[in-house]
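Let us walk through a protein model, one feature at a time. Keep the sequence and the 3D view side by side.

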Amino acid sequence: MQVSSLNEVKIYSLSCGKSLPEWLSDRKKRALQKKDVDVRRRIELIQDFEMPTVCTTIKVSKDGQYILATGTYKPRVRCYDTYQLSLKFERCLDSEVVTFETLSDDYSKIVFLHNDRYIEFHSQSGFYYKTRIPKFGRDFSYHYPSCDLYFVGASSEVYRLNLEQGRYLNPLQTDAAENNVCDINSAHGLFATGTVEGRVECWDPRIRSRVGLLDCALSSVTADSEINSLPTISALKFNGALTMAVGTSTGQVLLYDLRSDQPLLVKDHQYGLPIKSIHFQDSLDLILSADSRIIKMWNKNSGKIFTSLEPEHDINDVCLYPNSGMLLTANETPKMGIYYIPVLGPAPRWCSFLDNLTEELEENPESTVYDDYKFVTKKDLENLGLTHLIGSPFLRASMHGFFMDIRLYHKVKLMVNPFAYEEYRKDKIRQKIEETRAQRVQLKKLPKVNKELALKLIEEEEEKQKSTWKKKVKSLPNILTDDRFKVMFENPDFQVDEESEEFRLLNPLVSKLSDKRKKKLRLLEQQEQREKEEEEEPEGKPSDAESSESSDDDKGWVEEVRKQRRLLQQEERGKRQAQLREDQQTVLKPQFYEIKAGEEFRSFKDSATKQKLMNKTLEDRLKLEAKNGTLSVSDTTVGSKQLTFTLKRSEQQKKQQEAEKLHRQERKALRRSAGHLRSRHKRGRPFH
């Protein structure tokens with residue numbers, strides 16, 4: 001038995017326990033039950049409560065005495081008597097069951113909807129009658145006042161079969177292309193069907209006309225939900241006269257009041273899987289909604305999660321045992337799930353002993369391998385040298401390997417690796433040594449960067465702690481434990497350079513005051529090195545006694561500062577002399593530069609004048625440019641200054657400008673002479 005807890009709600013899995021291989025004979029199973037305590041103590045609430053391969057649907061009769069389940073393979077229905085805690089009967093069917101319904105209080109009247117369009121009626125003795133509907137069916141509901149069965153499926157019509165008259169009635173014509181689910185309100189008989197377009201159509205069976213239409217697809221889309229396709233209706237359930245819950249194919253559950261077309265609450269499963277079943281728990285105002293992965297229980301007024309249940313295998317159907325805390329599930333596995341949640345209600349009358357057992361249960365997770373057998377692959381057999389046993393009774397083929405007896409496995413492994421015990425012994429000795437080391441005084445772990453600074457901070461912290469013991473002082477954060485300064489002890493770029501000028505001037509007494517700290521640092525490094533080389537530390541080594549040094553002499557501090565300054569001056573002087581000797585030894589050689597094409601060489605005087613001009617102030621440069629005529633300063637109407645610069649032209653531009661000026665003068669002279677000749681010709685004067 002397995003116990004899980006979520007939100008302080010305990011869930012007991014009664015179908016979980018130690019598994020036995022199916023290929024074991026009954027004789028070996030009985031022998032295991034005698035020898036193995038876990039097998040003997042496992043709880044088998046209902047005997048043979050499983051299907052050969054998969055269970056598709058599960059329901060409880062109205063009187064609560066019988067549990068009916070359908071599954072494969074071959075298609076069959078099994079009925080379990082809860083009073084006898086065993087199988088009542090089993091009937092094989094011609095095709096798989098989509099869903100079924102019990103029309104009586106017990107198992108005497110059952111209707112099955114098959115996946116090949118057939119509807120099969122069973123009585124207490126067995127098969128009774130079979131008929132067929134025009135289209136493939138997906139769900140059906142029974143209307144007790146009129147004895148009508150309403151079938152919905154891959155059609156826009158809702159087929160009606162009257163069981164009193166034994167014939168089909170006129171179908172209900174819906175606006176949908178196909179219908180997925182349906183349900184009938186037991187209070188006033190309202191019939192509702194969910195369509196593939198994401199709508200719910202409500203019909204009145206008395207007048208056979210539609211009385212309401214809900215667009216659930218549009219209401220299911222919220223700001224947090226991600227929708228990749230059009231939501232269709234996958235589950236539908238009434239509760240009382242005015243409440244209806246609708247499940248969509250995208251994983252949302254919408255809670256409606258029939259007097260309004262807007263949902264009261266939208267609950268998202270966050271898995272994007274179709275909702276398969278919805279149940280109401282009235283005592284705690286809970287709604288149980290399930291998809292193929294999880295069963296969620298949440299409050300129908302606030303939507304707050306109460307608890308959730310996530311089985312190991314996919315869920316096909318969920319059934320809540322009436323007036324109790326028991327939950328039955330049909331999964332994609334032979335074993336059907338039985339869960340007991342004491343918060344939801346008491347145990348059923350036929351298993352009232354569960355209330356006493358749940359007080360003593362412990363969490364025992366289900367074993368994924370058989371404890372008496374070892375699973376080995378073909379590679380493991382090659383390593384052990386047991387490939388010749390393949391095909392013998394000592395190995396049972398399963399999946400990608402074999403099962404073998406655990407005792408045989410241990411014997412062979414000991415023969416193949418005789419030194420396994422020595423390795424185990426060394427591991428145990430190593431563990432004991434580590435435990436004794438943990439009991440000794442732990443040394444301070446110093447960082448790799450700025451070890452002396454870290455040691456100084458640790459000592460200051462210890463002194464602060466001693467002072468706080470005597471006098472209550474508000475403690476300040478330590479740099480070593482502050483995340484903002486952790487890079488200073490990790491990145492080598494932040495290493496303090498004790499040879500730098502700033503360090504030696506600002507900290508003149510560091511070398512004198514840090515002797516004690518350096519001695520501690522050397523001791524710690526030696527201790528760490530000794531631990532790496534030896535497994536055990538030699539005993540009897542006393543700690544070094546350290547003498548306290550007084551630091552109240554101010555003259556020593558002044559002399560140290562002067563000494564550091566003299567040393568710095570001597571080092572600077574030595575650097576300058578070395579640089580001067582290097583300059584004297586170097587021989588200057590002429591350097592040649594190539595002028596780019598299109599540029600003219602100018603003397604170095606131009607660069608010298610330009611350098612002098614750049615050294616002058618802005619005012620002097622403006623005055624010089626105003627004298628040369630390249631700058632004009634004028635006042636504007638608003639009282640500000642306006643500067644106009646004239647760019648200097650190069651020699652080539654000046655030559656081109658002079659040529660253009662000469663050309664314009666020649667053209668003017670020619671035009672002047674031509675005008676003079678025309679005027680003489682008009683007056684009749686001859687040309688000379």
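Which residue lies over the face of Phe136? Arg117 does, at 5.7 Å from the ring centre. A charge sits over a ring if NZ of Lys or CZ of Arg is within 6 Å of the ring centre and within 35 degrees of the ring normal. Lys59 lies over a ring face too, that of Phe100, at 5.9 Å from the ring centre.

A word on the source. This is a predicted model, where local features need pLDDT of at least 70 and side-chain atom pairs count only at pLDDT 80 or more, while totals for chains, interfaces and linings use all residues. Residues are numbered from 1 along each chain as its sequence is written, and side-chain values use heavy atoms, with hydrogens and water left out.

Now turn to rings that meet rings. A pair of aromatic rings is described by the distance of the centres and the angle of the planes. Rings of Phe, Tyr and Trp (its six-membered ring) pair if their centres lie within 6.5 Å; planes under 30 degrees apart count as stacked, over 60 as edge-to-face and the rest as tilted. The structure holds 10 aromatic pairs. Take Tyr66 and Tyr107: their ring centres are 4.9 Å apart and their planes stand at 75°, so this pair is edge-to-face. Tyr66 lies in strand S4 (residues 66-72), and Tyr107 in the loop between strands S7 (97-102) and S8 (110-114), so the pair ties together parts that are 41 residues apart in sequence. Helices (H or I, at least four residues) and strands (E, at least two) are DSSP runs, numbered from the N terminus.

Tyr66 has 8% relative accessibility, so Tyr66 counts as buried. Tyr107 is buried as well, at 9%. Together with Phe89, Tyr66 and Tyr107 form one aromatic cluster.

Finally, look at a sheet. Strands of a sheet pair through backbone hydrogen bonds, either parallel or antiparallel. Here four strands form an open sheet in the order S11-S12-S13-S14, with antiparallel pairing. Two strands pair if DSSP finds at least two bridges between them. The edge strands, S11 (137-143) and S14 (167-173), each pair on one side only. Five bridges join S13 (residues 157-162) to S14. Pick out Val158: its bridge partner in S14 is Leu172.

Technical notes: Buried means under 20% relative accessible area, exposed over 50%, partly exposed in between (1.4 Å probe, protein chains only).
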